[in-house]
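Dear colleague,

Please find below the structure that I am handing over to you, together with its sequence. My findings follow directly after it.

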There are 2 protein chains.
Amino acid sequence: MPKTTRRKFLAATAAASGAALASPAIAQANPEIKWRMPLFVPRPFDVLWNEAGEFTKRVAEATDGKFQIQRFAAGEIVPGGPAVLDAVEAGTVECGNTLSYYSVGKDPTYAFGSTLPFGMNTRLQQAWYLRGGGGELCEEFFNSKNVTAIVMGNSTTQMGGWFRKEIKSLGDLKGLKMRIPGLAGRVVAKLGVIPQQIAPGEIYPALERGTIDAAEWAASHDDERLGFVKVAPYYYSPGWWEPNAMTHLFVNLGVWNALPAHYKAIVRSAAEAVNQTVIANYDVVNPLAMRRLVASGAQLRFFSAEIMNAAYDASFALYDEIAKENPRFAKIYAHWKKFLDESELYMRVADNYYENFIWSRRSKG
Amino acid sequence: MPKTTRRKFLAATAAASGAALASPAIAQANPEIKWRMPLFVPRPFDVLWNEAGEFTKRVAEATDGKFQIQRFAAGEIVPGGPAVLDAVEAGTVECGNTLSYYSVGKDPTYAFGSTLPFGMNTRLQQAWYLRGGGGELCEEFFNSKNVTAIVMGNSTTQMGGWFRKEIKSLGDLKGLKMRIPGLAGRVVAKLGVIPQQIAPGEIYPALERGTIDAAEWAASHDDERLGFVKVAPYYYSPGWWEPNAMTHLFVNLGVWNALPAHYKAIVRSAAEAVNQTVIANYDVVNPLAMRRLVASGAQLRFFSAEIMNAAYDASFALYDEIAKENPRFAKIYAHWKKFLDESELYMRVADNYYENFIWSRRSKG
C-alpha cells in the first residue's frame with residue numbers, strides 16, 4: 001500500500017471504528033421522545049399552566065430538545081378533575097399533572113398525595129413526602145394503580161371560600177348550601193352543611209341567584225379570577241380542608257419503566273424543581289391578589305374557634321371511620337398522623353413563634 | 001475500482017462522514033467534566049453533606065456519568081465560612097455550596113442571598129428569590145463578584161441559641177457575652193450584648209468555663225450535635241436573626257459560561273430540586289432532635305415581646321444606616337422590604353391563622 005493510501009485507509013478505519021462505538025452511544029444518549037401531559041386546570045389558571053411550561057422547558061433544554069413534553073389544559077384532550085389521573089392510569093396519555101385527591105371518590109387513600117382536612121401545611125407535606133417516608137407509602141399505592149408520581153407543585157394553604165352572609169356560629173352552618181367537594185364535603189356534612197357539587201362555570205350564577213349560600217375554590221389569586229367577591233363578599237380563612245394542595249407529575253408506569261435512566265433523572269429533577277417554583281409563584285401572586293380583593297370589597301373573616309374545633313373533630317372522626325374499612329387508607333394514615341404529631345412541638349416553637357411575631361409586628365406598620 | 005473494494009471504500013466513507021458528523025455531536029452532547037465543590041460545613045453536619053451528595057448524584061445520573069462533581073467538607077480543600085465563596089470568586093475551585101451571608105464582612109449586600117434579622121421566613125425567601133425579582137437583583141450583585149448562584153438549600157428558621165441563665169428582660173442582655181457572628185452580632189451589640197467570634201470547636205469549652213454566657217448555632221438537629229444542652233440548658237426561640245438560611249450552589253462565572261446549555265439546565269434543576277430536599281430533610285430531623293433535647297434537659301424558652309421588639313427596631317435601624325452608605329445594599333433592600341410589606345396581610349390571614357390553630361390544637365393532644 002502506498003504511504004498516502006495507507007494513511008487514508010488508517011484514517012478511515014479509525015473513523016469507522018469510532019463511528020461503530022459512537023452511533024449506539026448517540027442513540028442511547030438522547031432518543032427522541034414525545035409525551036402528552038394534560039393538566040387538571042384550564043388555561044386561565046396561569047400559575048399552574050405557566051409552571052407546567054417551565055417543567056417541559058427544563059426537560060427539553062436538558063436533552064438538547066430531544067425529549068418534548070406537550071402540555072394540554074383541562075378539556076383540550078382530557079377533561080379536568082379525576083379524568084387526568086384516570087387517563088394516565090389507563091395509558092391513554094403518557095403523563096399528566098394533577099391533584100391525586102380528585103380521585104378520592106374511587107378510594108380515599110388518594111388524598112394523602114395531596115391534602116387532608118386539618119393535615120399538613122405546605123412545608124410538612126413536602127417533608128413527609130420527600131424525606132419522611134410518606135412518598136414511599138404513596139408511591140406503593142400509586143404503583144398499584146399503574147402510575148408513578150413525582151411532586152410538581154403545591155398551591156399552598158387555601159382560603160375558606162366565599163359566603164353570602166357572615167357565619168358566626170356553628171348554628172349558622174346548619175342547612176347552608178355550599179359548593180365544596182371531596183372529603184371536605186363529607187366533613188362539613190357532619191356539621192349540617194349541605195355540600196353541593198357544581199362545575200366551576202356554574203358557581204357564580206348559583207351564588208348570585210342564591211341557589212347556593214357559599215363556595216370554596218382556591219387561594220386568592222385563583223379566587224380573584226372567578227369574581228365571587230361581587231356576589232358573596234364574606235371571604236373566610238382558613239381553608240382548613242386544604243391546608244396544602246400538592247400536585248404531581250403522574251407517569252404511566254409502563255411508560256416510565258421504558259425511559260432511559262438519565263431521562264428519568266432529568267424528569268425527576270425538573271419536576272421537583274418546579275414543585276418549588278409553583279409555590280414561589282403562588283406566594284408572589286396570592287398576597288397581591290388578596291390586597292386587590294380587599295380593595296374591591298372582600299370582607300375578610302376568620303372561622304371561629306367553635307367552628308374550627310368542631311370541624312377538626314369531625315375530620316379525625318371521619319378518618320377513623322374510613323381507616324376501619326379501608327386497610328390501604330389505614331396504613332398510610334397511621335404513618336401520616338405520627339409524623340404530624342412528632343412535628344408539632346418544633347414547628348410551634350421555632351417557625352410558628354417567629355411568624356406570629358413578625359406578621360403581628362408588621363401589621364402594625 | 002473493483003466492486004468489493006468500491007463497496008469497502010463507500011462503507012468507510014459513509015462511516016467516516018458519519019463519524020465526522022457524530023464526533024462533534026458526541027463531544028457536544030456529553031463532554032466529560034469534573035468539578036470540585038467545597039462545602040461550608042464539616043461532615044458531621046449530615047443533612048447538608050448528604051444533600052450535597054444528592055445534588056452530585058442527580059447531575060451524574062442525568063449525564064450518564066459524564067459530569068462528575070466532587071464534594072469536599074469544610075477544611076478538606078478550602079476552610080469553611082467565607083473561604084468557600086472566596087475560592088469560587090477567585091476561580092480556585094469551579095463551584096461551592098455555601099451561605100452568602102458569611103461574606104457580609106466584605107459587603108453587607110451578601111446577606112440578601114441568605115437571610116437578614118427579622119426578614120423573610122423560608123417560604124418567603126424562596127418566593128422573593130425565585131419568582132419575586134429578588135433572585136435577579138442578587139444575581140446582578142453576585143455576577144459583579146464573578147460568580148453565578150443557584151438556590152441549593154435552606155436550613156429554615158434557626159433557634160435562638162443556648163444560654164447559661166434565663167434572659168427575662170432587656171436588662172439581662174447588657175454585658176452578656178454571646179457567640180453570634182455577622183449582622184446579628186451588630187444588632188445585638190445595639191442591645192448591650194458583647195458579641196464574640198469563636199470557632200465552632202471552641203464554643204463548648206467557653207460555655208462550660210463561663211468565658212461566654214451564650215451561643216447560637218443553628219436549628220435543633222445541628223444544635224444537638226454540639227452538646228450545649230449540658231452546659232447552657234436554656235434553649236431560646238426564635239433565632240430572629242436567621243428566620244431562614246438559604247444556601248446556594250455558587251459557580252465561577254467563567255466556568256459557568258463555558259458549560260454547554262443542556263449541562264446548565266441539568267445543574268440548575270438538580271440544585272433547585274435539592275434546595276427543597278434540604279428543607280424537607282431538616283423538617284424531618286429537627287422536630288425529632290428537639291424532642292430528644294427536651295428529654296435530655298433542654299429548657300425551652302421564648303424571647304419576650306420586649307426583647308423581640310427592641311431587636312426588631314435595632315435591626316431595621318441598622319439596615320437604614322447601611323443603606324445610607326452602600327448603594328448596592330440600598331437597591332436590594334428597598335425591593336426586599338416592599339416584598340415583605342406586601343406579603344404580610346396574606347401570610348398572616350391564610351397560612352399563619354391555620355398554623356396557629358393546628359399547632360395549638362395538636363399541642364393539647
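**The surroundings of one tyrosine**

A:Tyr263 touches A:Ala29, A:Asn30, A:Pro31, A:Ile33, A:Thr63, A:Lys66 and A:Phe67, if residues up to four places away in sequence are not counted. Please bear in mind that this is a predicted model. The tyrosine belongs to helix α10 of chain A, which covers residues 261-295. Is A:Tyr263 buried or exposed? With a relative accessible area of 0%, A:Tyr263 is buried, because the term applies to anything under 20%.

**Chain A as a whole**

Chain A contains twelve helices and eleven strands. Its C-alpha atoms fill a box of roughly 105 × 45 × 40 Å along the principal axes. The chain has 365 residues, and 60% of them count as buried. As for the contacts within chain A between residues at least 6 apart in sequence, 76% join residues at least 24 apart.

**A sheet in chain B**

In chain B, the strands β3, β10 and β4 form an open, antiparallel sheet of three strands, in the order β3-β10-β4. Which strands stand at the edges? They are β3 (95-98) and β4 (147-154) of chain B; each has a single partner strand, so one side of each has no neighbour in the sheet. On average, neighbouring strands of this sheet are turned by 20° against each other, direction ignored.

Strand β10 of chain B, residues 246-252, is joined to β4(B) by seven bridges, and the two run antiparallel. Between β3(B) and β10(B) there are four bridges, again in the antiparallel sense.

**How the two chains meet**

Chain A is superposed on chain B by a rotation of 180° with 0.0 Å of shift along its axis, at an RMSD of 0.0 Å. This is the relation of a two-fold axis. Both copies use the same surface, since 100% of the contact residues of chain A recur in chain B.

The contact involves 90 residues of chain A and 91 residues of chain B. The size of an interface is often given as the accessible area lost when the parts come together. Between chain A and chain B this buried area is about 8300 Å², and carbon and sulfur atoms give 62% of it. Which residues of chain A lose the most area to chain B? They are A:Tyr346, A:Trp359 and A:Arg362, which together make up 11% of what that side buries.

How many salt bridges are there between chain A and chain B? The count is ten. One of the salt bridges in the model links the side chains of A:Asp341 and B:Arg362, with 2.4 Å from N to O.

Yours sincerely

Definitions and conventions: Residues numbered from 1 in each chain as written. Chains lettered and ligands numbered in written order. Predicted model: local features only at pLDDT ≥ 70, side-chain atom pairs only at ≥ 80, totals over all residues. Heavy atoms only, no water. Buried < 20%, exposed > 50% of the residue type's maximum accessible area, 1.4 Å probe, protein only. Contact = heavy atoms within 4.5 Å. Least-squares fit on C-alpha atoms with pLDDT ≥ 70 in both. Pairing = 2+ DSSP bridges. Axes fitted to C-alpha atoms, helices over the stretch in contact; angles between N-to-C directions. Buried area = accessible area lost by both parts, 1.4 Å probe. Salt bridge = Lys/Arg side-chain N within 4 Å of Asp/Glu carboxyl O.
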